[in-house]
Amino acid sequence: MLVSAKEMLNKARDGHYAVGQFNINNLEWTKAILQTAQELSAPVILGVSEGAGKYMCGYTTIVGMVKGMIDNLGITVPVALHLDHGTFEAAKACINAGFSSIMFDGSHYPIEENIKLTTALVNTCDILGISLEAEVGAIGGEEDGVIGMGECADPKECKQIADLGVTMLAAGIGNIHGKYPANWPGLRFDVLADIKAAVGDMPLVLHGGTGIPEDMIKKAISLGVAKINVNTECQIAFTAAVRGYIEAGKDLSGKGFDPRKVLAPGVDAIKATVKEKMEIFGCIGKA
């Protein structure tokens, strides 16, 4: 069954490790992530962007697929199905579809509007037992070929959002989505420390986990980060493995066109990537 991310993140916070959120984009990714989490006895969060939701035929389709896999694969580790960077409308749609966790990203609004919309979701999520992630300080990333640096959140605004009763808080500390540029100055641990001091025991979320050096990740965990998102690294690994298989001309005659064979190297690459990240996050054996 699907569970809220609340308990797993509170345990991670207290145990000084982080739970990985790995975004899913198709059946193969979902199966690979679930099997790896089960093998490593690690709690896991399956992230779904709005774009991935549309690609996979809608949120109810995704809920059915994930629940079916949990049952048929015999998955016993805690699994949360989480909307990633959702609008207010998408958050409501995922609640209705049966997601066990949602993120409302109001970071692009003025803080007053962010508070208003986040507040509207808090009571609903509490009643239904759904974990709720909010964000302050927009996460940077690539858009139209231009890579923007991540914005640092205001600790006072972080406290305002945390005090609403959300489960976890994503706060920008110089992190970005996608690949990090060569001149990236690194995470702002001074800002993270100030945010931690402002919000107390609130589990913090680090977006843009791809490409952040291991020592920075571990330092972020020591300062209160309990959830780390990974997507780009899985995309790169999966695509490279499948492309390499095709370019090598392996088994591409007759039954070699079976997509299950063509995609198999990508599945293995996802498993290896998830395992590597879980080792760094310290969540193996924590289920």
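User: What lies across strand S5 (131-136) and strand S8 (168-171), and at what angle to S5 does it run?

Analyst: Helix H7 (residues 155-162) does, at about 160 degrees to S5. Axes here are lines fitted to C-alpha atoms, for helices over the stretch in contact (heavy atoms within 4.5 Å), and angles run from 0 to 180 degrees between N-to-C directions. Helices (H or I, at least four residues) and strands (E, at least two) are DSSP runs, numbered from the N terminus. A word on the source: this is a predicted model, where local features need pLDDT of at least 70, side-chain atom pairs count only at pLDDT 80 or more, and totals for chains, interfaces and linings use all residues. Residues are numbered from 1 along each chain as its sequence is written, and side-chain values use heavy atoms, leaving out hydrogens and water.

User: Why is Ile 195 called buried?

Analyst: Buried means under 20% relative accessible area, exposed over 50%, and partly exposed in between (1.4 Å probe, protein chains only). Ile 195 has 0% relative accessibility, so it counts as buried. This residue sits in helix H8 (residues 189-199) and touches, among others, Ala 153, Pro 155 and Leu 204.

User: And why does Cys 57 count as exposed?

Analyst: Its relative accessibility is 63%, so Cys 57 is exposed. Cys 57 lies in the loop between helix H3 (50-55) and helix H4 (59-72), and has a positive phi of about 75 degrees although it is not a glycine.

User: How do you know that strands S1 and S10 pair?

Analyst: Pairing takes at least two DSSP bridges between two strands. Four bridges join the parallel strands S1 (residues 19-23) and S10 (residues 225-230), with Val 230 in S10 as the bridge partner of Phe 22.

Methods: Lists of a residue's contacts leave out its neighbours within four places in sequence.
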